[in-house]
Amino acid sequence: MAPPIEFEIRRRTLFAGSAAIAIGAATGQRAAAQSSAALAPSGAEDSTITLTVNGEEQELTIDNRTTLLDALRENLKLTGTKKGCDHGQCGACTCTVNGQRVNSCLSLAVMHDGDEIQTIEGVGTPDNLDPMQAAFVANDGFQCGYCTPGQIMSARSVLEEIRAGIPSHVTDDLTAQIEMTDSEIRERMSGNICRCGAYANILAAITNVAEEQA
Amino acid sequence: MEFNQPAGDNMFDDSKVVGKPTHRIDGPLKVSGQAPYAYERHDVAEGQLVGYPVVSTIAQGRITNMDTDAALNAPGVIDIVTALETGEMPMPSDMNAAPLFGGAEVAHYHQAIGVVVAETLEQARAAAALIKVDYEETKGSYDLEAAWQEMREDRSDPVSRVGDFESAFEAAEVTLDQEYRTPSQSHAMMEPHATIAQWQDGKLTIWTSNQMIEWNRQALATTLEIDPDDVRVDSPYIGGGFGSKLFLRAEAVLAALGARKAGRPVKVMLPRPMVMNNTTHRASTIQRIRIGAQADGKITAIAHEAISHTFPGGAGENAVDQTRRFYAGDNRLIVKHLAEMHLPEANAMRAPGEAAGLMALEIAMDEMAEKLGMDPVEFRAINDTQVDPEDPDKPFSDRHFVECLNRGAEAFGWGDRNTTPGQRRDGNWLIGHGIAGAYRGGPAMDSGARVRLQPGGTLIVETDMTDIGTGSYTIIAQTAAETMGLPLDAVEVRLGDSDYPVSAGSGGQWGAASATAGTYAACLALRGEIAKKIGTNDPESLTFENASVRTGEKQMTLASFAADGEIVAEDTMEFGDFRGEEVVSTFAAHFVEVGVHVGTGEIRLRRMLAACDAGRILNPITARSQVIGGMVMGVGAAMMEDLAIDKGRGFFATHDLASYEVPVHMDIPEQEVIFLDTLDPQSSPLKAKGVGELGLCGVAAAIANAVYNATGVRVRDYPVTLDKYLDQLPAA
């Protein structure tokens, strides 16, 4: 998916960037040492972080290698967020971090200390569905259901992104208010693969919600 | 009970629930992330460990050594199971061609050769990378083109021969002789193969993702050499399968062996980059089609010869199968070649045979229509047949292919198309229209179910049937509600557990017709039990409606019969030989409109339409979703999907979801589905057939034909990508 354009560099983004560079350097040393000695981590292997997940603060001591996706699924047992590829290729792991959608498999949990995460479990429950979830049921916007939480998390963000005026590849006029067209929705949803092929029904569901909210 | 004669008038002809648009009853669980898939069952077993697969990095040869010392000493590692220590294991079933695990022999690239069991995924993965494997590599064969050149003229062992093809083809007024190529394809379901295994007192339970529960239970017992009664398989939610999860796969074996050795439950999910080479795929094909016809368009001779690769002992892709029965013609020749290669195992993928075969046949039909100067809709219609062309005494049970063509053409506006290729423009876009026919068998398999009427008047249905996104939960509930006269929300459906009666399972588009028949049989058994309680041995004298039973003037609620405890009934629908006395099949016509950019060659689909004939449509909502989903997979087959073979190293190079491209939202246009209002009494008591594979059949050819109509360039080598025609586009 096209990540929303972020014009303002947040303090945390900057830190995360620096950390990534540091990790890169360490990996280089490790690779050089690999032939001679057993691998030994050069620093702490775990970190203690605090995530606010679906409004609830959670303190976790977690392996530094754990992705945000696995932190949710394995440590917090919130399995609504799915693992389809673990490489940012399918979108099944989509959740929101501080209000923006991310592929949670591409992000380490330790990069999210203090962040607010929303997963499908925080959107609605079977007895109290969110309008987007209800629209997916009403339009049969899924079959096997495995990509569905990711589709729904993306769909909710797509509507917000269009309303916020964030342009996409198919936006014709960057100065006008962006219209909620089929093409805009399809383009922005294209990071979420549905192998069952429910795309037409997902589009109908998103369009229904957009119209209700208009 | 046995289905041994055509269904007569029955309750489904006046149905209140079956056949009505019904939202998925499992929908609210799925959209809220509460439906538990295999790897997510934190609740079922305490102390789960994580297993990370170790896979072969050669395609063929022997493992000479596996050095696991560093891995065993790595943080968090509990134990390691290697193929060398396990030794050769019995083949799980005669449906598996390649061994899944065990022994020094490497049969294909990414074959499982070990599993590292650790406390966490991160630890298991890191340790797996420390295992050093030494191989003796042998050279395999991976070149289908070379095999085709060797076998192409060999007709010594045809699948079938009718009349004298060669003479009739020679004498025909108009002829076509062309070759077509389809690449290997991957199911690429969204949920990778995953299993949690637990041993307790010598008994094994797996929570897994599998389409065929009983096959899986038997196969696991066979390969582990334990009693099938000591194996339980549970698979209530499955994140897609498309044939990839029909058979026992390596991740379940690794989980079971890992759990046995570690003495704790172990869960294994195949990492996505291992899925394409470790599991099965649809084999690539080369197909030669020859058609001879009279000037009036009647086919007099048709030959379909094809080769596909297969793992030694496997079946490959049967691309010629549909051509035996789809179109008329007195002189026929069908030849299937197999080229044994040491690629991963080719096996069933959605519409095995027809999906690849129709990609070729339906381009050939388009080319032939053009040679004849006929409308391709008309050409197909005049070659329709109501009997098996190989056995004219055998009729089709219910075939309305011509109506699919005509209804589809009318709804699509086929008559308004441009008939001279490359002549319609919309700005920079070349506009084209294409059509293809679709044919797929309508099989059925024996299917059992158990029903439990509860004291409160609700009904529980239990069957090992699976719902792989097909809508099984919902149509089974509809069938039970209809048969017992209950509202839909009074029925609870429990699926995918080997503790439940053995069902047809999900495959070959037989699931819906079979499992609803099995549910019907069990409900009739329950009606029999209730009749006994009323004191009649004639259940048919009773009317079940409005959650009550009526006999004459008397009316009692269903709940009242179970007031003293639940009533349980069980039965299996067995499909007798009589079903095979006629050809039970499904039919469709696919129409597409494409735009091809005159400058860049980019293809954009503009709209798609399918007209389908598949007997009673049990639930128009879920059936339509099956068909549009099949159409999406057909878009992939036409435009992008390609498991590219590295002929030097013998593996699929495009083995993740970035390199093996499948359609995304932006690729899919408006889709319309028309279901003909047909019934097939020869198929099942509900007069239903499957649609799950029909929706895929023919779609790719319709797109290829539309690209030809748009550009005037005929591509016979899938996928239809712009590198194959960019230099031949009309002038901008």
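Q: Which residue stands opposite Leu453(B) in β22(B)?
A: Leu459(B) stands opposite Leu453(B) in β22(B). Strands here are DSSP runs of E, at least two residues, and helices are runs of H or I, at least four, numbered from the N terminus. This is a predicted model, in which local features need pLDDT of at least 70 and side-chain atom pairs pLDDT 80 or more, while totals for chains, interfaces and linings use all residues. Residues are numbered from 1 along each chain as its sequence is written, with chains lettered from A and ligands numbered from 1 in the order in which they are written.

Q: How do β21 and β22 of chain B pair, parallel or antiparallel?
A: β21 (447-453) and β22 (459-463) of chain B are antiparallel, over four bridges. Pairing requires that DSSP finds at least two bridges between two strands.

Q: And which helix lies across β21, β22 and β23 of chain B?
A: Helix α13 (472-484) of chain B does, at about 135° to β23(B). Such angles run from 0 to 180 degrees between N-to-C directions, with axes fitted to C-alpha atoms, for helices over the stretch in contact.

Q: New topic. How many residues of chain B are in contact with chain A?
A: 48 residues of chain B are in contact with 47 of chain A; contact means C-beta atoms, placed from the backbone, within 7 Å.

Q: Which element gives the most to that side of chain B?
A: α16(B), with eight residues.

Key. Contact = placed C-beta atoms within 7 Å.
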